[in-house]
Amino acid sequence: MGGAVRFNYGWLDYGPTSRLQLELLRADIEAGAGPLFFSAQYRWYDGFDAVHHAYAGWNFSETTQLKAGIQQVPFGLLPTVSQSFWFGSGYYLGIEDDYDPGVTFSHEQGDHHWTAGWFSGDEYGSGSRYDRYSFDVAQTPELPYRERGRVHVRYEHTGVLNEGELLLGASAFSGRIQDTATGRHHGHHGAALHAQWKLEGWTTQLQWARYRYSVPGDRIAMSAFLAPFEIASEADVPSANVAYSFGARRWLDDITCYNNLSMTRPVGRRAGVRESWQNVTGCSLQKGIMLTYVDWIAGKNMWFAGGDGIGIDDGGPSRWHSRLNLNIGFYF
């Protein structure tokens with residue numbers, strides 16, 4: 001059994017400052033017996049509660065595993081293409097730290113790691129529910145879609161470069177979304193190339209991802225944390241991150257500082273869509289059960305950083321906005 005409690009403070013240059021307040025309560029459970037294992041996590045936020053994950057699995061051997069339930073989708077660098085509390089742009093687009101119901105099979109052979117999986121849709125089976133942790137396709141009056149089945153494949157190779165650990169990989173998925181007004185299905189596809197290099201305290205991450213919703217028009221809606229918003233229906237999402245762990249310093253067990261840069265680049269140059277940027281500079285401070293993030297988030301045309309959505313253009317000025325975010329968490 002475990003859990004967490006977190007408190008958050010935010011200063012915004014585009015809106016009112018939020019005082020230090022309770023941000024999250026979390027309950028965890030993990031269990032195992034022989035080759036069988038189980039893991040679940042539930043979260044309570046301000047105004048809503050949501051499942052994070054809940055899955056069971058079977059270890060056929062030390063290198064082969066089967067999992068079923070609401071679990072992290074195997075796409076891109078894992079567990080995240082970021083080091084900050086705020087994640088990268090891909091999180092808000094539903095291609096980073098996404099949890100959906102499905103079945104996955106993974107196998108390791110030496111330096112090679114393969115994962116394949118099938119996912120039935122989003123964790124609640126309805127695009128009209130906005131109170132969720134993972135960002136999924138939203139059902140709105142203008143864009144009434146919901147996620148349906150998807151097939152995922154992911155490969156990663158572990159190697160050595162200049163005495164550091166190098167991970168090179170590729171991911172892809174193909175599936176469908178449904179127009180709930182007409183019942184018609186549309187294609188939903190994506191792919192990514194990803195790399196990560198670690199040497200002593202340094203970590204460098206590079207990823208180029210793309211997603212395609214084959215829907216009429218240039219937009220689709222996403223939602224999480226009670227808020228639906230629109231994104232470009234087709235875009236490329238490059239990310240470049242660097243982080244350094246200073247290790248133990250004075251009374252702290254670890255200090256890690258980082259810069260996470262990501263971009264959403266819509267396909268083509270058309271009215272109604274334009275580029276979005278997000279850059280997060282910050283540090284995480286760890287002492288025992290306490291983990292604190294201090295992040296400076298800067299966004300241009302970026303949701304959750306003063307923008308109307310991601311990759312869209314509603315005719316307003318495209319300006320940089322920023323916010324200072326402090327998150328203090330205790331993990332049990």
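A residue is called buried when its relative accessible area is under 20%, exposed when the value is over 50%, and partly exposed in between, with a 1.4 Å probe and protein chains only. With a relative accessible area of 32%, L66 is therefore partly exposed. The model discussed here is predicted, so local features need pLDDT of at least 70 and side-chain atom pairs count only at pLDDT 80 or more, whereas totals for chains, interfaces and linings use all residues. Residues are numbered from 1 along each chain as its sequence is written, and side-chain values use heavy atoms, without hydrogens and water.

L66 is found in strand β5 (residues 64-72); strands are DSSP runs of E with at least two residues, numbered from the N terminus.

On a 1 Å grid over the protein atoms alone, a pocket is an open set of points with protein on both sides within 12 Å along at least five of seven lines, a cavity is a set where a 1.4 Å probe fits but cannot get out, and lining residues have an atom within 4 Å of a point. This second largest pocket has a volume of about 500 Å³. Of its 25 lining residues, Q65, L78, S106, H113 and T115 are the closest to the centre. By class, the pocket lining has four nonpolar, 15 polar and six charged residues.

Turning to the cavities, there are three of 30 Å³ or more. The largest cavity, with a volume of about 160 Å³, is lined by 21 residues, and V73, G94, I95, E96 and D98 lie nearest its centre. Strand β9 (residues 145-161) gives the largest share of this lining, three residues. The second largest cavity has a volume of about 50 Å³. Its lining is made up of V81, G90, I95, E96, Q207, A209, V237 and S239, with β12 (202-213) and β15 (234-245) each giving two or more residues.

Note on methods
Helices (H or I, at least four residues) and strands (E, at least two) are DSSP runs, numbered from the N terminus. Grid points are joined across faces, edges and corners, and a volume is the space filled by probe spheres set on the points. Ala, Val, Leu, Ile, Met, Phe, Trp, Tyr, Cys and Pro count as nonpolar, Asp, Glu, Lys and Arg as charged, and the others, Gly among them, as polar.
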